[in-house]
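Here are my notes for your read-through. Keep the sequence and the 3D view open as you go.

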Amino acid sequence: MTEFVIGAVADFPDGCSTAVQAGKRTIAVFRVKDEFYAVNNACPHKGASLCEGEVVAGELIVRCPWHHWNWKLSDGTLEADSRQALRRYQIFVQQNEVILVA
Ligand code: FES
């Protein structure tokens, strides 16, 4: 595992979704209020870019832009079938920097 400094907290305003590169991986980073979430950017269904999906902030869900599967940001599982899950990554803030572990 490697820690990647992906930017300052101010680079990720509340409600933002962005794809970042961490080595060979493309990871979708979401900020909802003061919490950060990081998951593999490619939807396991057909590979859509999840950072382009709609974030339903109140339910902590990202809705895939292609076929509208709802993924829970809290634990990465699919809302309709918890046996399916996104790969999640540790992400945290340290001294105003956002750090992703991948
Ligand atoms: S590609 Fe995401 S739901 Fe189909």
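1. How many of the five residues of strand β11 (residues 97–101) are buried? Four are, so the strand is largely enclosed by the rest of the structure. Keep in mind that this is a predicted model.

2. Next, the sheet around this strand. Six strands make up an open sheet, and their pairing is antiparallel. Read across, the order is β1-β11-β10-β4-β3-β2. β1 (3–8) and β2 (17–22) are the edge strands. Each has a single partner strand, so one side of each has no neighbour in the sheet. Neighbouring strands are turned against each other by 30 degrees on average, direction ignored.

3. β1 and β11 run antiparallel and are joined by five bridges. Take Gly7 as a landmark: its bridge partner in β11 is Val98.

4. Now look at β11 and strand β10 (residues 88–94). They pair in the antiparallel sense, over five bridges. Phe92 stands opposite Ile99 in β11. Ile91 stands opposite Leu100 in β11. As a rule, side chains in a regular strand alternate between the two faces of the sheet.

5. Which residue takes a positive phi in the hairpin of β10 and β11? Gln95 does, with a phi near 50 degrees. The hairpin has two residues between its strands.

6. Move on to β10 and strand β4 (residues 35–40). Two bridges join these strands, which run antiparallel. Find Ala38 here: its bridge partner in β10 is Tyr89.

7. Ala19 stands opposite Ala28 in β3.

8. Leave the strands and turn to charge. Side chains of opposite charge can pair when their charged atoms come close. How many salt bridges does a search of the whole structure find? It finds three. Take them one by one, and check how exposed each partner is.

9. The Arg31 pair. Arg31 forms a salt bridge with Asp34, and their closest N and O atoms are 3.1 Å apart. Is Arg31 buried or exposed? Its relative accessible area is 13%, so Arg31 is buried. The cut-off for buried is under 20%. Asp34 has a relative accessibility of 62%, so it counts as exposed. Exposed means over 50%.

10. The Glu54 pair. Glu54 and Arg63 form a salt bridge, with the closest N and O atoms 3.3 Å apart. Glu54 has a relative accessible area of 46%, so it is partly exposed. Arg63 also counts as partly exposed, at 25% relative accessibility.

11. The Arg83 pair. Arg83 forms a salt bridge with Asp81, and the closest N and O atoms are 2.9 Å apart. Which side of the cut-offs does each partner fall on? Arg83 is exposed, with a relative accessible area of 76%. Asp81 is at 17% relative accessibility and counts as buried.

Key
Residues are numbered from 1 along each chain as its sequence is written. This is a predicted model: local features need pLDDT of at least 70, side-chain atom pairs count only at pLDDT 80 or more; totals for chains, interfaces and linings use all residues. Side-chain values use heavy atoms; hydrogens and water are left out. Two strands pair if DSSP finds at least two bridges between them. Axes are lines fitted to C-alpha atoms, for helices over the stretch in contact, and angles run from 0 to 180 degrees between N-to-C directions. Buried means under 20% relative accessible area, exposed over 50%, partly exposed in between (1.4 Å probe, protein chains only). A salt bridge is a side-chain nitrogen of Lys or Arg within 4 Å of a carboxyl oxygen of Asp or Glu.
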